[in-house]
Amino acid sequence: MQYRNDIQGLRALAVMFVFFFHLSSSILPGGFIGVDMFFVISGYLITKISLNKVQKGSFKIIDFYLARVKRIIPSYYFLLLVIWLLFLFVYAPSDVGKFKFAHFWSFLFSSNTYFATLDDYFGASSSENPFLHTWTLSIEMQFYLILPILLIIFKKLKHLLVVIGILLLTFIIYSSFEILSGNKAEMYFSLIARSPEFFIGVLAAGIKFEEKTFFKENSLLFSIIGLVGLLVSLAALNESSNFPGIWSLLPCVSTLLILISPTSKVNKFLSNRILFFIGEISYSIYLWHWPLMAFYRYSTERYEFTLTETLLLTAFTIFGSLFSYYLIEKPFRKIPNRKLFLPIGALMSINFLMIYFTVPIKRKFTNIPKEYIYPIYGIDSHGKDFKQVGMLGDSTYKKKRILFLGDSHALTFKPYLDKLGKEYSLAFRTITNDGYPAIPHLGSEYITEKYKLLIYEQLLPHIRAEVELSDVIIIHFARSGNKWIVPLSKMFSSLRNNQKVLVLSDYPVLDKNPVRVNKSFLKNGDKNNNYKMTKNITNSDILKLIENNSNIRFVNFSEYDDFFEDAPFYQDTLMYYDASHLNYYGAKKYADYTGKFFIENLNWALNQKE
């Protein structure tokens, strides 16, 4: 196949779209289509090269895979090494687990499946995850495993193109249906949903549109339509669009129209030296730009960058990209296949060892005991880690059955109840859950994420059984909006006359993660004076619901808010493990401060006559 400078220019556009989108989604709302452009280009080029070898009888599957290894793995594994080193100095210990898993699945080129099911409720968010962009490389490598097999099975080009066409239509229909059914996140990272984008390139390469007279004569028209289609995609598509699915056809077909118009003026423009060079280093740019942005967002807990920060991030991206391209990517292309295994094996071994030793080495970089940075208590009665109904306090207490339900804020309240239970000879049974409180009557209309719904459904039989048998039910949740009105109303209306309920008000939350800012569990100078505290005010509709039921009492801790006057510290010691959750120490101290008030309200429920 003749080398085409215009394809490098098209790659340059793709990586610049992605770069500006990642700087800020408000700059280029549809900039993520750059990834889809890359997939179409990859499908086109790889098929062109492979079909040419198949026709000459020189196609060897092992050579195909080794070529992909040379192109992708050296720079990629080196970047993973750099990310790991930066992590040691930047990341808070509470996020080590998420980092280790992301590194592991990225190392195996399977991060797309991992990110599709990731619950980011705890730890670093997606915009702060330095591995997030690796999902595209995972999909690309997975596709490269499949394509040569199809080429070997369907030796006749006509048969291959028919099969590819059928798969393209089937996968587009399937992914569109899944997206409309609420599985957008899963489809976004799915090989099945993204394969049609490669297949468009495969079909274009197999059909050879650019060699046909009609397309040659109208190449300028097609390339202009393609360019306009990309511009429309950039403006019309955004993060809330039902994408990929059928909407992915817009940027993908637009890319195709430019690819099959090599002689047009648009393509000649794409062949200019600047775009050509950016396209040449586009892989390295893609590798480096996102981790730098993610680490900076993580350390500052801000999404938007200032102009100075943008210029610095751009400069570091260029430096990292040039370093990667000239010292790793280019030299590895020239290494003979027989000499490839030693350096690749070394990079793989280093990454494997880094993953294995992530936790112990990170522990040497921090002096913060785990009870200050993790929810360490009551995990086995919580969410996805649920093993059994938890028991808090004095296990010898048998008079009345007290049940404690809620979400992640309730999880952090378990040390509070355990301490008071032991002091006042009380026992609490407990079930809690992430994101959605462990209360009855939630379902798919409230929990739209499949994996979260599955977790809730596994908890539900235990929740129902405990609610039915309990004398007193204590509920604590952070998300006190009116979306819980109907489930709570159903729960309250089904109470027996002798069942009492306490609904606890929530503690305040902060505007940033104190573990990241303070980098110690003891107060660290002036860094701790710029937190903003927000009170979690219970929804007025929930309060009315409580007022209208004599069996329910609202326990309002707001008169004890002076406990948080130095938040996130209490007596110069860290009492939050992130921006919105008390740590073990904080919960215990809060029990000392408000315990008597809580027990007075609990006694109201325990001493009511049946």
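The protein contains 25 helices and ten strands, where helices (H or I, at least four residues) and strands (E, at least two) are DSSP runs numbered from the N terminus. The model is predicted, so local features require pLDDT of at least 70 and side-chain atom pairs count only at pLDDT 80 or more, while totals for chains, interfaces and linings use all residues. Residues are numbered from 1 along each chain as its sequence is written, and side-chain values use heavy atoms, with hydrogens and water left out.

Along its principal axes, the C-alpha trace spans about 90 × 50 × 40 Å. Of the 610 residues, 57% are buried; buried means under 20% relative accessible area, exposed over 50%, and partly exposed in between (1.4 Å probe, protein chains only). Among contacts (heavy atoms within 4.5 Å) with a separation of 6 or more, 80% are made by residues 24 or more positions apart. The protein exposes about 27,100 Å², of which carbon and sulfur atoms supply 61%; this area comes from the Shrake-Rupley method with a 1.4 Å probe. There are 64 positive and 49 negative side chains, and the centres of the two sets lie 10 Å apart. In this count Lys and Arg are positive and Asp and Glu negative, with His and the chain ends not counted; each charge is placed at NZ of Lys, CZ of Arg, CG of Asp or CD of Glu.

The interior can be described through its nonpolar cores, each a set of buried Ala, Val, Leu, Ile, Met, Phe, Trp, Tyr and Cys residues joined through side-chain atoms within 4.5 Å. The largest has 156 residues, and Y416, I474, F598 and L602 touch the most other members. Helix α3 (residues 61-90) contributes the largest share of this core, 15 residues. Apart from it lies another core of 32 residues, which includes I431, F492, L495 and I552. Beyond its neighbours within four places in sequence, L602 contacts I402, L426, F428, V472, I474 and L502.

Helix α22 (residues 485-493) has I485, P487, L488, M491 and F492 buried. These residues lie on the same side of α22 because they cover an arc of only 165° around the axis, the arc being that of the directions from the helix axis to the C-beta atoms. An α-helix has 3.6 residues a turn, so residues three or four places apart point the same way. The cover over the buried residues of α22 includes β2 (402-406), α21 (450-469), β4 (472-476), β5 (500-504), α24 (540-547) and β8 (552-555).

D418 belongs to helix α20 (residues 414-424) and counts as buried because its relative accessibility is 5%.

Most residues other than glycine have a negative phi, and most peptide bonds are trans. The bond joining F243 and P244 is cis, with omega about 10°, and P244 is found in the loop between α11 (219-236) and α12 (249-259). The peptide bond from A567 to P568 is also cis, with omega near 15°; P568 is in the loop between β8 and β9 (569-570). K519, although not a glycine, has a positive phi of about 55°. K519 lies in the loop between α23 (514-518) and β7 (533-534) and is partly exposed, at 48% relative accessibility. D572, likewise not a glycine, has a positive phi of about 65°. The loop between β9 and β10 (573-574) holds D572, which is partly exposed with a relative accessible area of 45%.
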